[in-house]
Amino acid sequence: MLVRKVKERLFLAGITILTFLTILPLFHIIFSVAVEGLPVILRGGWDFIIGTLAPPDDGLGGIGPAIVGTFVLTFLASLLGLPIAILTGIYAAEYPNSMLGKATRTLLMIMMEFPTILVGLFVMQILVVPMGSYSALAGALALAIVMMPYVAVYTEEALRGVPEKYREGAFALGLTRFNVVFRVLIGLARKGILTGVLIGIAKVAGETAPLLFTAGGATRTYFNGIDRPVGAIPLLIYDLVQQPYENYHEIAWGASLLLLIIFLAIFLPLRLSLKEVKL
Amino acid sequence: MNAIETKDLHIYYGRNHVIKGVNLEIPEKTVFAIMGPSGCGKSTLLRSFNRLLELNENARIEGDVRLFGRSVFEMDPIEVRREVGMVFQHPNPFPHMSIFDNVALGLKLNRLVKSKDELKKTVKWALEKSALWDEVKDKLNEPASALSGGQMQRLCIARAIALKPKVLLMDEPTANLDPVSARKIEELIFELKKDLTIVIVTHSPAQAARVSDYVAFLYLGRLIEVGKTEEIFENPKEELTEKYLTGRMG
Ligand SMILES: Nc1ncnc2c1ncn2[C@@H]1O[C@H](COP(=O)(O)OP(=O)(O)OP(=O)(O)O)[C@@H](O)[C@H]1O
Ligand SMILES: [Mg+2]
């Protein structure tokens, strides 16, 4: 009796500690980014958000081009990626037993785990090399490719989660398959699809690797055309920490905090507000 | 004229032979009940009438189903489903749409109304016909998920009859309802049969006796007996039917 109780206690203590160890890094990251980044942003003020990069060893300046770039890249990537991804998800959900449907699902799973730097290389080959320059378009395409499998898989799962009785009810009204999917099922699955969209967006907003050989980066000029190089916050951080200047490291901390805030701003409301529609 | 006729109908799910050579004649503007124990194939049979069975890739149909003399397999399935409405065992109004939109959806997407005005009128007509109007007329824009089970089922009836089908299939429409709501649906069936043919699946002989003009008894995929409801209940010809009616069978 006593032995069992002790065992139970030990087990509980064990998993508590393990859980704590698992989430510890997360809190450590958030904590150190906030502690290091906040003073930088406060010191830089408005200028930190809208200004351009300071010269080495001379103040903070700002990371405006990177912020704008991140938004532009994410927006363009969504424009390119979301429609195709959602349609792919619908296809996989509607034709789960067809050859193409099965192949699609396998491919999506592979794409999700695919090293994103290879996506960057691929886009460099098909876009950057022929165009002769890094560009916002190339960066956005790389991000779109990274984003698509998440959105497609979430869309598919959301649609497959819609109880059969609603499908049947819709078909029984004499609706075409197109209308059943687009006028009824999509609406029922909208929370799940939206989750996928936001996860996809949050994911690519913080990506660095796919941008390395595609977006090019820009720290002193704002976005000026989709065929021109563009900056991005993660890319900027990656560049700055490799440089030997003290002020660049500070800017990198500030940029990190901003990136974290953007990420949480997409993610937290999503997680908190997502109570599934009752079916 | 027969609203629905089946000719030597066989239905399989994969290799599972579920409906075994059923010949049925369902006269127009009557209530036709299909009864039988659980798993005997009632729902399967009913779903072949509006070609809903074809949503299931495993299902295979042999023989013929005729709608007013025309083989449904020579018709566009969409046309079949417009003429043959269906109400399901689990009330399934679309929970994310308003009460109004639930009824309006089929009308709009099938282009059965020409103006907003006509749409409103038809929705109102359908809700009145299904005895729901008085309960929902002040909350047409509220989500359908806020209704009670019985109200949801009447909304499903409204949604189906709004398309003015010639036949209405009902698969155990009261199985998940409280007695009072069930009673209301049964009363509705009396009203509706003036205008259309109703085929109702039930595993309650008592319900079949209350609502139907004709009754068919299905057992393990075979049609055991079919005829006028009073005749079958008073004087069943088959022993199996009698056993079933007297509750000596599952
Ligand atoms: N989608 C399906 N796939 C495979 N087999 C099925 C499917 N639906 C039903 N069956 C099988 O077909 C037979 C008849 O099922 P059906 O649902 O038509 O019976 P039922 O008379 O409506 O029963 P209940 O009164 O329980 O609703 C059962 O043996 C069942 O296992
Ligand atoms: Mg059934």
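**Exercise 1.** Which polar backbone atom of B:Cys40 lies 3.3 Å from ligand 1, or rather, what kind of ligand 1 atom is 3.3 Å from a polar backbone atom of B:Cys40?*Solution.* The atom of ligand 1 is an oxygen, 3.3 Å from a polar backbone atom of B:Cys40. The model is predicted, with local features needing pLDDT of at least 70 and side-chain atom pairs pLDDT 80 or more, while totals for chains, interfaces and linings use all residues. Residues are numbered from 1 along each chain as its sequence is written, chains are lettered from A and ligands numbered from 1 in the order written, and side-chain values use heavy atoms, without hydrogens and water.

**Exercise 2.** Describe the shell around ligand 1.

*Solution.* Step one: 13 residues surround ligand 1, B:Lys42 and B:Thr44 being among the closest (a heavy atom within 4 Å). Step two: by class, four are nonpolar, seven polar and two charged, where Ala, Val, Leu, Ile, Met, Phe, Trp, Tyr, Cys and Pro count as nonpolar, Asp, Glu, Lys and Arg as charged, and the others, Gly among them, as polar. Step three: helix α1 (residues 42–49) of chain B supplies the largest share, three residues (helices are DSSP runs, H or I, of at least four residues; strands, E, of at least two).

**Exercise 3.** Trace the sheet of chain B.

*Solution.* Step one: four strands form an open sheet in the order β2-β1-β4-β5, with antiparallel pairing (at least two DSSP bridges between two strands). Step two: β2 (16–27) and β5 (70–71) of chain B are the edge strands, each pairing on one side only. Step three: nine bridges join β1 (residues 2–13) of chain B to β2(B), and B:Thr6 has B:Leu24 as its bridge partner in β2(B).

Terms used: A polar contact is a pair of N or O atoms within 3.5 Å; within protein, one must be able to donate a hydrogen and the other to accept it, and residues adjacent in sequence count only if both atoms are side-chain atoms.
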